[in-house]
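Dear colleague,

Please find below the structure that I am handing over to you. My notes on what was found in it follow directly after.

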Amino acid sequence: MAVDRTPVLKRCRHLGIEPTVLGYDKKSNRKFLHEGKGKKSEYANQLREKQKAKFIYGVLEKPFRNYYEKADRMKGMTGENLMVILESRLDNVVFRSGMARTRREARQMVDHKFFLVNGQLVNIPSYLVKAGDVIEIKEKNRSLQRVKEVFEVTEGRLTPNWMDADKDAFKVTVKNLPTREEIDVPVDEMLIVELYSK
């Protein structure tokens, strides 16, 4: 399976993303690489937004394209649909709920069979959750040192309004899928739609 091994801070600088968006509390003192290099073309801006979305959610090109095509078939605005699909990935929900420090860690924990969805083991990070789904850490994994450390680090993290996290019970309930206004990701999805609709 293809894995993006680019150093996170370097990629953040290149794309102009704050590392905190990805769950990293590190800071880079270097300037963003794209600053002061003249005016970018329309295509370059569109491509950058797509790269940002792919990097933030940890999605490769082919599945990202599939998400776009799915979003295009759905009712409503394609760009907003795309962002809602990306936000409802299991690894993202685990990250947002505070059961993982970063999306990469969430992906790894899902891969390693840490989570149940509605009582069933799911180890597919790209699994799309639905309204009413309950995601919980498997009983035998709750006492692991790693889980305790994660909960200590994410203790002050705010849980989005569209989910209800109960850390004492090691679970999160998806109340409803998020609206675009509830997704605080610095991506202009309209540029992605323009890029794909050429």
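In which sense do strand 1 and strand 3 pair, and over how many bridges? Strand 1 and strand 3 pair in the antiparallel sense, over three bridges; two strands count as paired if DSSP finds at least two bridges between them. Helices (H or I, at least four residues) and strands (E, at least two) are DSSP runs, numbered from the N terminus.

Please note that this is a predicted model, in which local features need pLDDT of at least 70 and side-chain atom pairs count only at pLDDT 80 or more, while totals for chains, interfaces and linings use all residues. Residues are numbered from 1 along each chain as its sequence is written, and side-chain values use heavy atoms, leaving out hydrogens and water.

To continue with the strands, Val 117 stands opposite Ile 135 in strand 3. Strand 3 also pairs with strand 5 (residues 171-174), in the antiparallel sense and over three bridges, and Glu 136 stands opposite Lys 171 there.

Two residues other than glycine have positive phi values. Lys 113, with phi near 65 degrees, is in the loop between helix 6 (103-111) and strand 1 (115-117). Asn 118, with phi of about 55 degrees, is in the loop between strand 1 and strand 2 (120-121). Lys 113 is partly exposed, at a relative accessible area of 39%, and Asn 118 is partly exposed at 43%.

Leaving aside neighbours within four places in sequence, Leu 82 is in contact (heavy atoms within 4.5 Å) with Phe 64, Tyr 67, Tyr 68, Ala 71 and Ile 192.

Finally, helix 8 is mostly covered, with six of its eight residues buried. Its buried residues, including Leu 191 and Ile 192, pack against helix 2, helix 3 and helix 4.

With kind regards

Key:
Buried < 20%, exposed > 50% of the residue type's maximum accessible area, 1.4 Å probe, protein only.
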